[in-house]
Amino acid sequence: MARRILPYRPLPATETTSILSRLLGQEATTTDRVIYVHIPFCKHICPFCIYSKQIPESAETVKAYCETLLKQIQSVSSTVWAKSAPFKAVFFGGGTPTFLPAEQLTAIVSSIKKHYPLTPDCEITVESTISEITPEYCSKMKEAGVNRISLGVQSFNTEIRKKLGRAANTEKILEALNTIKESGFSNIAIDLIYMLEGQTMETWKRDLQLLAGAPITGCSVYPLITIPGSSKVSEDLKQEYRYFSEADRFLAELGGWQRFTPVQYGHSVNGTANYVTSHGKNADLLAFGAGAGGRIQNFMYLQNNNAEAFIKTGSDLAAAPMIGMKIDEQFLHLRNIYGLSEGLQLKKSEFEPLAGDFSKTVQSLIEQGFAESISGGFRLTHLGRFWAANISALFSEEIKRILLEK
Ligand code: SF4
């Protein structure tokens, strides 16, 4: 949301198509590249959810969506841009990707593996929910080449989960995690949310202890994001800080774990999260599916989030109706600054070309205790990690000022 402050200029539909076609006809300008695939379907809608999702009308809708998705994936695969450098992560998000029958999901995984250059250690993540984890489904994902599972947990506490509309109890969650591990996955991530209804510091500490005892190698931790009409939530900032502090210290001290971003923690070998960390590095993002948002260089696009409309018009990515936006090319030189607020630290070599524009802001962050100098650069402090989204917004404001003053 902080990046929405940036002065992206909306483009007319014809210009969107021609810019995307031109970019796909050129070599990539960065080796930081990731793919996102959106599966917008869920069995039921959770009250706290902010993502683009829907309950599909029928199995036919789901089948037709997957067929269009496969065509869209193939439509880009032969372009110069797609072939010019490998992708280091593929992320299936939603919605619930495992809502799809295993054959449909693995056909999409196989298509990407067949048609796109991927790094040898490319991380292929599928998001799932507890109720959809079975030994058979996990084996099929493993066979297809999926190597990371991200499981929506939010809380291990059965009562708190009930308030979120989640049926599985603590035992079921642990059972699902063991099933994933026994199916051969070594990179297993979950999310934990704080500021939930009914949560206390005691339940939060219990959540963290259960995480430590389960076969989990990575975790994203964040406060409930409120949108109008979403779950009831307290806006007690001090309490929010206490929850954050407890998790931030606990997770970074787990054996072999480290912080990857202000919200992502994991084991340094088995818990990497290349897709998530690519955001702080401003990787190019090739996004497929209804409601999926991608970015190539200084061009950003957002596909129509209606699955039925996507089925009718989405086969060819460059020609699909979408919102396209562009920002001044100078942004490509300025965007490294997000490494501090979204990736935790900034190297001097990345900062120095920007120094004139950002040195006052970084200095002020240091003076107020949000950042500190380290050998070769700067990094966020504990306080800075809590306020990371606001620091991103601060940088967005600075970038906007620079680009509009030009
Ligand atoms: S299952 Fe996930 S994507 Fe679907 S409504 Fe619930 S939180 Fe949102």
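**Entry 1: helix 8 and helix 9**

I began with this pair and noted that helix 8 and helix 9 are roughly parallel to each other. The model I am reading is a predicted one. I looked up the numbers behind the note: the axes of helix 8 (residues 201-213) and helix 9 (residues 237-252) cross at roughly 20° and come within 11 Å. The crossing of helix 8 past helix 9 is right-handed.

Next I listed the residues that meet. From helix 8 I wrote down Met201, Trp204, Lys205 and Leu208, and from helix 9 Arg242, Tyr243, Glu246, Ala247 and Phe250. Sorted by class, this contact has 6 nonpolar and 3 charged residues, and no polar ones.

**Entry 2: helix 2 and helix 4**

I then turned to helix 2 (residues 59-77) and helix 4 (residues 102-115), whose axes come within 10 Å and cross at roughly 5°. That angle makes helix 2 roughly parallel to helix 4. On the helix 2 side I found Cys66, Leu69, Leu70, Ile73, Gln74 and Ser77 in the contact, and on the helix 4 side Gln104, Ala107, Ile108, Ser111, Ile112 and His115. I sorted these too: the contact of helix 2 with helix 4 has 7 nonpolar and 5 polar residues, with no charged ones.

I followed an open sheet of 3 strands, which has the order 14-16-15 and antiparallel pairing. Which strands stand at the edges? They are strand 14 (345-347) and strand 15; each has a single partner strand, so one side of each has no neighbour in the sheet. From one strand to the next the twist averages 20°.

I checked the pairings in turn. Strand 15 (residues 371-374) pairs with strand 16 (residues 377-380) over 4 bridges, and strand 14 pairs with strand 16 over 3 bridges. Phe378 in strand 16 has Ser373 opposite, and Leu346 also stands opposite Phe378. Strand 15 and strand 16 form a hairpin with 2 residues between them. In the turn, Gly376 has a positive phi of about 85°.

I also noted that helix 15 (residues 355-367) lies across strand 15 and strand 16, running at about 105° to strand 15.

**Entry 3: the whole protein**

Last, I counted elements: 17 helices and 16 strands. The radius of gyration is 21 Å, close to the 22 Å that the globule rule gives for 406 residues, so the protein is as compact as a globular protein of that length. Along the principal axes, the C-alpha atoms fill a box of roughly 60 × 50 × 40 Å.

Notes:
Residues are numbered from 1 along each chain as its sequence is written. This is a predicted model: local features need pLDDT of at least 70, side-chain atom pairs count only at pLDDT 80 or more; totals for chains, interfaces and linings use all residues. Axes are lines fitted to C-alpha atoms, for helices over the stretch in contact, and angles run from 0 to 180 degrees between N-to-C directions. Angles under 35 degrees count as roughly parallel, over 145 as roughly antiparallel, 65 to 115 as roughly perpendicular and the rest as oblique. A crossing is left-handed if the near helix is turned anticlockwise from the far one by less than a right angle, and right-handed if clockwise. Two residues are in contact if their C-beta atoms, placed from the backbone, lie within 7 Å. Ala, Val, Leu, Ile, Met, Phe, Trp, Tyr, Cys and Pro count as nonpolar, Asp, Glu, Lys and Arg as charged, and the others, Gly among them, as polar. Two strands pair if DSSP finds at least two bridges between them. The radius of gyration is taken over C-alpha atoms; the globule rule is 2.2 Å times the number of residues to the power 0.38.
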